[in-house]
Number of protein chains: 2
Amino acid sequence: MKSTRTIVLLALAAALAAPALAQFRKPEDAIKYRQSVMYTMGTHFYSRIGAMANGRIPFDAKAAAENADIVAMLSRMPFVAFGPGTDEGKTDAKPAVWTEQAKFKDLGEKMQAEVLKLQAASRTGDLDVIKTAYRATANACKACHDAFTNQ
Amino acid sequence: MKSTRTIVLLALAAALAAPALAQFRKPEDAIKYRQSVMYTMGTHFYSRIGAMANGRIPFDAKAAAENADIVAMLSRMPFVAFGPGTDEGKTDAKPAVWTEQAKFKDLGEKMQAEVLKLQAASRTGDLDVIKTAYRATANACKACHDAFTNQ
């Protein structure tokens, strides 16, 4: 007989998994979705804000803020697409995503928190403030990618 | 000798092309970016709002509004990625994108206008209003895809 704790955990897991299952018809749709979100986010983060932070393109405060808004919205989107059955196929995600869910969630939330700080920094119009927030965010991205992807 | 009109047109073309060239290192990056944006937009439009409009999932006014916001943001993003040199490679875009730029721009703007109406409709919390705006937007998507892609 299952303990109360097990039942609560199973119910919680089902509640967490249900939206993910409902939103994608096939596991490969979820994989393609999360890869699309990540690629788009990477473009706006590295190739737009990062290019300004690293001096590859001229600093444009308005563009930095617009790109930070896009990154902020995208940063909330991929995690629903790591549901059951999406660990196989054309994915660079490591099995640890599913076996170490607490750590995955924690690193994902740390990235989202840094992105919100980057969004706030982008409103200052001060490139040095943006550079600091950019680097902290890049480190948060890297921490999660190092642990959970083969990329 | 070039006419004044030709010079003006060339200057305009350069101004329009410059941001696109500056934002992507390689044509294939631009192609992957626009495909990623389109796939993400399609998921939120067809598989979220569309699923509610067609009764495949229960209507959730808050989720409809959130998805409409995401679609609105994404609808502004792909067009910068159809710059020179991005007509070849792994793309379903037809040559008409580059040979009929005025029509392409017009249909893109019509889609964006319908998306803004969908975003406004999503704020009513009225599924019938959302359904009407959803269908108008879907038609605007289709008009552009029929003319400019092989998909």
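Is B:Lys62 buried or exposed? B:Lys62 is exposed, with a relative accessible area of 61%. The legends below take this residue and others in turn.

This is a predicted model, so local features need pLDDT of at least 70 and side-chain atom pairs count only at pLDDT 80 or more, while totals for chains, interfaces and linings use all residues. Residues are numbered from 1 along each chain as its sequence is written, chains are lettered from A in the order in which they are written, and side-chain values use heavy atoms, with hydrogens and water left out.

View 1. B:Lys62 and B:Glu66 join their side chains in a salt bridge, 3.0 Å from N to O (the rule asks for a side-chain nitrogen of Lys or Arg within 4 Å of a carboxyl oxygen of Asp or Glu). The two sit 4 residues apart in H3, so about one helical turn separates them (helices are DSSP runs of H or I, at least four residues, numbered from the N terminus). B:Glu66 is partly exposed at 41% (buried is under 20% relative accessible area, exposed over 50%, partly exposed in between, with a 1.4 Å probe and protein chains only).

View 2. B:Lys105 is exposed at 52%, and B:Glu109 is partly exposed at 38%.

**View 3. A salt bridge in chain A.** A:Lys26 meets A:Asp29 with 3.6 Å between the closest N and O atoms. A:Lys26 is partly exposed at 40%, whereas A:Asp29 is buried at 19%. Over all chains, the count comes to 14 salt bridges.

**View 4. Where chain B touches chain A.** On each chain, 19 residues are in contact with the other (heavy atoms within 4.5 Å). As for polar residues and the rest, what does the side of chain B that touches chain A hold by class? That side has 7 nonpolar, 6 polar and 6 charged residues (Ala, Val, Leu, Ile, Met, Phe, Trp, Tyr, Cys and Pro are nonpolar, Asp, Glu, Lys and Arg charged, and the others, Gly among them, polar). Of the interface residues of chain B, 95% are also interface residues in chain A, so the copies meet through the same surface.
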